[in-house]
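Colleague: I have a few minutes before the next run. Can you put the model up and take some questions?

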Amino acid sequence: MKYVSLVWSNLRRKRLRTGLTVLSIFIAFVLFGLLCTIKEAFTAGVTLAGADRLISRHKVSLIMTLPESYARRMARIPGVASAVHLTWFNGIYQDEPKNFFGSFPVSDPTAYFDLYPEFLLPTEQEEAWLKTRTGAVVGRSLADRFHWKIGDRVPLKSPIWPRAAEEAWEFDIVGIFDGANRATDTSGFYFRYDYFDEARANGKGQVGWFVVRADDPDRADEIARAVDAEFANSPYETKTEPEGAFAQGFVQQIGDIGAILMAILSAVFFTILLIAGNTMAQAVRERTMELGLLKALGFTNGLVLALVLAESCLIATAGGFAGLAVAWLATVGGSPIPSVLPVFFLPAKYVAMGAVLVFALGVVTGILPALEAMRLRIATALRRQG
Amino acid sequence: MHSSVETLVHVENVEKTFRRGSEEIHVLSEMNLEVPTGEFLALMGPSGSGKTTLLNLIGGLDRPTRGSVTIAGDRIDKLPDRQLAAWRARHVGLVFQFYNLLPVLSAERNVELPLLLTHLSKAERREHVKTALDVVGLSHRTRHFPRTLSGGEQQRVGIARAIVTDPTLLLCDEPTGDLDRRSGDEILGLLQALNREHGKTIVMVTHDPHASARATRTLYLDKGRFSAEKPE
């Protein structure tokens, strides 16, 4: 501890330079935190995918529909515990395109919530949904976004599925579900398929995709092949895959988010490495005589190395942790674009990764100047004045 | 070989060479020196005569190419780097021509630097610093930074730093070289007092006959060897 004030005094020597370096590291770590949040937002579905859940869709494309009757045939395949279908409804609230969110008619509400135990819906609300044909259950974040509460009547329009009566679809909110953890997407709007199919103007009997539960997660691949084999050579062939792979493929329609973010972060950190490394190298070069003096007074090579490394680590720590803190604060309030990124928070694993990066940055930027300081010959260093 | 108790510094057959490219430069040759405890020795000689190199060897700041340097019975040229650093911290006080104070530290914190290597508590360190600054007559400027002190005051801080650990040996490299006559006289008076009143053994490198006159003995160096007379 007695050396801390010596390190601190050295950092204050060129306040502007130290301040700018800290600022550049700060910005890099704010960026790191936000980009990790965005990556998590895109890949939350992949991470949280159930090992026993399979997604079965049209072999050609997700936008092509499948017959509703497939549900019964799937349920008969050995190893399939249940099969529930959903359809992309594309509901828009109050005619405002920005009021868009994920909305889906569900064939079997009870089976669906059994499939997704991370959706926590009170039993009485589930029972109300079964009793109410126009009933809908919504996630907590969606309900909060539009200030909906149970008992509200919500009109939605769908550009894909107009009502036969050319009116807006109307739903009664009968339940609000919470997520089992922060990463659970609670931005969904679920309603009953029977109401949807009866009232839609076209495409009756056609559905978007099936969620199939395998009774043994270890046999998921085998069951996926069995499902596809069941519908092979039919007009509606299927492509069945584990939910994680499906979610991954969905995200990659936009691009390889992970690779893009990694490329940006690599460029940012490489630049910061050069900036902070140059600052430290310059700081050591300017203080050759002083470092020589410390050694002349009896400071060991190891202690001089540690003092220089402590300086670089302190710079990295000040900027890095402040950046991570600001990134975390920026995400605490939730998603700025909930319709696109419903799950929006900085997970603890990225905070931990950021902390490791902070120290790594401190060590990497300081190690060469510190070694230079350590190897300094006293007599040579003391000859340099000014 | 061990020196007698009376002899604090024992330099025997020391040579020091440097390499500059393919050229080998002999800075010190067949150097032999004994400094008794309590002596105030001045080393004089023209630039490049090897005065500072000899001082560095005595202070353990550098190692001889050949020969031995023994201080108070310790063969310091054979000590590993880490032990040599610890030995310097314990036994040597250094005073430089350009003071070599850390500009980011106040006078008292500059003086405290060598004490950071000891096991003294903060309060004990503060007490030692106060005593050292009292000895050099600077107790009223403890919080001042080097840039706000005159050259003479900065050198007093440098001397306080050198004596704060109560070292065995005080090594001064041109301590008045950057000072005007009046400030130089004050510094020399201070060194003389440390020698006479506190029994400090001092080896001082100087160009200045006025400074060497304060010493108890003066030796002349020329081209890396001791010279019987003052070189022209």
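This is a predicted model: local features need pLDDT of at least 70, side-chain atom pairs count only at pLDDT 80 or more; totals for chains, interfaces and linings use all residues.

Colleague: How many helices and strands in chain B?

Modeller: Chain B has 7 helices and 10 strands. Of its 232 residues, 55% count as buried. If you take the contacts in chain B between residues at least 6 apart in sequence, 70% of them join residues at least 24 apart.

Colleague: Let's move to the interface. How much area do chain A and chain B bury between them?

Modeller: The size of an interface is often given as the accessible area lost when the parts come together. For chain A and chain B that is about 2,200 Å², with 63% of it on carbon and sulfur atoms. In residues, 24 from chain A are in contact with 26 from chain B.

Colleague: How many salt bridges between chain A and chain B?

Modeller: The count is 1. Arg377(A) pairs with Asp62(B), and their closest N and O atoms are 3.1 Å apart. There are also 8 residue pairs in polar contact between chain A and chain B, with both residues at pLDDT 80 or more.

Colleague: Which helices of chain A supply at least two residues each to the side that touches chain B?

Modeller: Helix H1 (4-11), helix H11 (288-297), helix H12 (301-332) and helix H14 (378-383) of chain A. H11(A) gives the most, with 7 residues.

Colleague: How do the residues on that side of chain A divide into nonpolar, polar and charged?

Modeller: The side of chain A that touches chain B has 12 nonpolar, 7 polar and 5 charged residues.

Colleague: Back to salt bridges. How many does the structure hold over all chains?

Modeller: The total over all chains is 36. One of them joins Glu230(A) and Arg73(A), with the closest N and O atoms 3.3 Å apart. That pair links distant parts of the chain, since Glu230(A) is in helix H8 (residues 220-230) and Arg73(A) is in helix H3 (residues 70-76) of chain A, 157 residues apart.

Colleague: Is Glu230(A) buried, exposed or something in between?

Modeller: Glu230(A) is partly exposed, because its relative accessible area is 34% and that class runs between 20% and 50%. Arg73(A) is partly exposed as well, at 30%.

Colleague: What about Arg153(A) and Asp172(A), where do they sit?

Modeller: Their side chains meet in a salt bridge, 2.9 Å from N to O. Arg153(A) is in strand S8 (residues 153-157) and Asp172(A) in strand S9 (residues 169-179) of chain A, 19 residues apart. Asp172(A) is buried, with a relative accessible area of 16%, and the cut-off for buried is under 20%.

Colleague: I also have Glu186(B) and Arg182(B) marked. How far apart are they in helix H6 of chain B?

Modeller: They are 4 residues apart in helix H6 (residues 181-198) of chain B, so about one helical turn separates them. Glu186(B) counts as partly exposed at 32% relative accessibility, whereas Arg182(B) is exposed at 62%.

Colleague: Which residues do salt bridges with shared partners join into one network?

Modeller: Arg133(A), Arg192(A), Asp194(A) and Glu198(A).

Colleague: While we're on Arg192(A), what separates its C-alpha atom from that of Gln282(A)?

Modeller: The separation is 68 Å, and the two residues are 90 apart along the chain. Gln282(A) lies in helix H10 (residues 257-286) of chain A and counts as partly exposed at 29% relative accessibility.

Colleague: Last one. Where is Glu118(A), and is it buried or exposed?

Modeller: Glu118(A) is in the loop between helix H4 (109-115) and strand S6 (119-120) of chain A. Glu118(A) is buried, with a relative accessible area of 18%.

Colleague: What does the side chain of Glu118(A) make a polar contact with?

Modeller: With the side chain of Arg53(A), at 2.9 Å.

Conventions:
Residues are numbered from 1 along each chain as its sequence is written. Chains are lettered from A and ligands numbered from 1 in the order in which they are written. Side-chain values use heavy atoms; hydrogens and water are left out. Contact means heavy atoms within 4.5 Å. Buried area is the accessible area (1.4 Å probe) that two parts lose on being put together, summed over both. A salt bridge is a side-chain nitrogen of Lys or Arg within 4 Å of a carboxyl oxygen of Asp or Glu. A polar contact is a pair of N or O atoms within 3.5 Å; within protein, one must be able to donate a hydrogen and the other to accept it, and residues adjacent in sequence count only if both atoms are side-chain atoms. Ala, Val, Leu, Ile, Met, Phe, Trp, Tyr, Cys and Pro count as nonpolar, Asp, Glu, Lys and Arg as charged, and the others, Gly among them, as polar. Buried means under 20% relative accessible area, exposed over 50%, partly exposed in between (1.4 Å probe, protein chains only).
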